[in-house]
Amino acid sequence: MNVLRTLEVSEWDFYPRGGAWYNDEKRAEAYCKFLTFVYQVLVGGDMPYLKKVAIKGSAVHPSHIESWINAAIDRNIRELDVSFKDSYVDPPHEFPQSLFSCGSLVVLRLIGLGIVINFLTESTCFPNLKVLQLESVLYKDNDSARNLFSGCPVLEDLTIVREEWDDLDTLTIASRSLKSLSMEIILEKHEDIVQTVVIDCPALESSIKSLSLSTSTILVRL
């Protein structure tokens, strides 16, 4: 069986070092090499299974990201890690809706303000997802966040790191399967900010592990 266990791609690995970084021609050449490599391995390869794909960086056009994720889904990806942690992406990436129905995914990590969560349907998503980490991402609206968490039927471990610009005023986490919840909310010192967190998780074994805020107000309803 032809199985590729892990594919980790970062465009920074293909950029020249030293002064060549400032040469537009060199950067374009490195970027083309990076895209060619990923398409050859991920899209053009013949492996039927992928254990893990990690994508790091920000310079890649959203159309490429979508193609890679769809290729990973076709190869029964089990773990997906997308990180724009140290980069600003404008406009942010909205993932293809096919990702939310991926039946093979068990672990999903999305990190960075270049990622927007847009799941507006009240239906089942990620039927086998057990571990979800969302760090400093954006949300389309309150419903997108609520529908995502409630739609994962076997989710057990949820980690959330929020910042005040994530476009949420109420975060609702409702899950019958969730056992572990780790949440960190980072807010600036704005007296008039009120953040509401609603938690409805009857199977929860370990509750909020960390909460970072200043003078803002957090309301938690259990």
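A: Helices (H or I, at least four residues) and strands (E, at least two) are DSSP runs, numbered from the N terminus. This structure is a predicted model, in which local features need pLDDT of at least 70, side-chain atom pairs count only at pLDDT 80 or more, and totals for chains, interfaces and linings use all residues. Residues are numbered from 1 along each chain as its sequence is written, and side-chain values use heavy atoms, with hydrogens and water left out.

Q: How many helices and strands does the protein have?
A: The protein contains three helices and 13 strands.

Q: How is burial read, and what percentage of the residues is buried?
A: A residue is buried under 20% relative accessible area, exposed over 50%, and partly exposed in between (1.4 Å probe, protein chains only). Of the 222 residues in this protein, 46% are buried. The accessible surface, from the Shrake-Rupley method with a 1.4 Å probe, is about 11100 Å² for the protein. Carbon and sulfur atoms account for 49% of that surface.

Q: Which residues have the most contacts inside the largest nonpolar core?
A: A nonpolar core is a set of buried Ala, Val, Leu, Ile, Met, Phe, Trp, Tyr and Cys residues joined through side-chain atoms within 4.5 Å. The largest one here has 52 residues, and Phe126, Leu148, Phe149 and Ile173 have the most contacts inside it. Helix H2 (residues 62–74) gives the largest share of this core, six residues.

Q: With which residues is Phe149 in contact, leaving aside neighbours within four places in sequence?
A: Contact means heavy atoms within 4.5 Å. By that rule, and with those neighbours left aside, Phe149 is in contact with Leu132, Leu134, Leu158, Ile160, Leu171, Thr172, Ile173, Ala174 and Ser175. For the protein, among contacts with a separation of 6 or more, 70% join residues 24 or more positions apart.

Q: How is a cavity read, and which residues line the largest cavity?
A: On a 1 Å grid over the protein atoms alone, a cavity is a set of points where a 1.4 Å probe fits but cannot get out, and lining residues have an atom within 4 Å of a point. Grid points are joined across faces, edges and corners, and the volume is the space filled by probe spheres set on them. One cavity of 30 Å³ or more is counted here, and the largest holds about 50 Å³. Its lining consists of Phe95, Leu99, Phe100, Leu108, Leu110, Ile117, Phe126, Leu132, Leu134 and Leu148. The elements giving two or more residues to this lining are strand S5 (107–111) and strand S7 (131–135).

Q: How many residues of that lining are nonpolar, polar or charged?
A: Ala, Val, Leu, Ile, Met, Phe, Trp, Tyr, Cys and Pro count as nonpolar, Asp, Glu, Lys and Arg as charged, and the others, Gly among them, as polar. The lining has 10 nonpolar residues, no polar and no charged.

Q: What is the phi of Asn76, and where does Asn76 lie?
A: Most residues other than glycine have a negative phi. Asn76, although not a glycine, has a positive phi of about 55°. Asn76 lies in the loop between H2 and strand S3 (79–83), and is partly exposed at a relative accessible area of 34%. Tyr49, in strand S2 (residues 49–56), is 27 residues from Asn76 along the chain, yet their C-alpha atoms are separated by 5.4 Å.

Q: Is Ser136 buried or exposed?
A: Ser136 counts as buried because its relative accessibility is 13%. Ser136 lies in the loop between S7 and strand S8 (138–139), and its phi is also positive, near 55°.

Q: Where is Arg78, and which residues does Arg78 contact beyond its neighbours within four places in sequence?
A: Arg78 is in the loop between H2 and S3, and its relative accessible area of 46% makes it partly exposed. With those neighbours set aside, Arg78 is in contact with Leu50, Lys51, Ser104, Leu105, Val106 and Val107. Arg78 and Leu105 are 27 residues apart along the chain, while their C-alpha atoms are separated by 4.2 Å.

Note on methods:
On a 1 Å grid over the protein atoms alone, a cavity is a set of points where a 1.4 Å probe fits but cannot get out, and a pocket is an open set with protein on both sides within 12 Å along at least five of seven lines; lining residues have an atom within 4 Å of a point.
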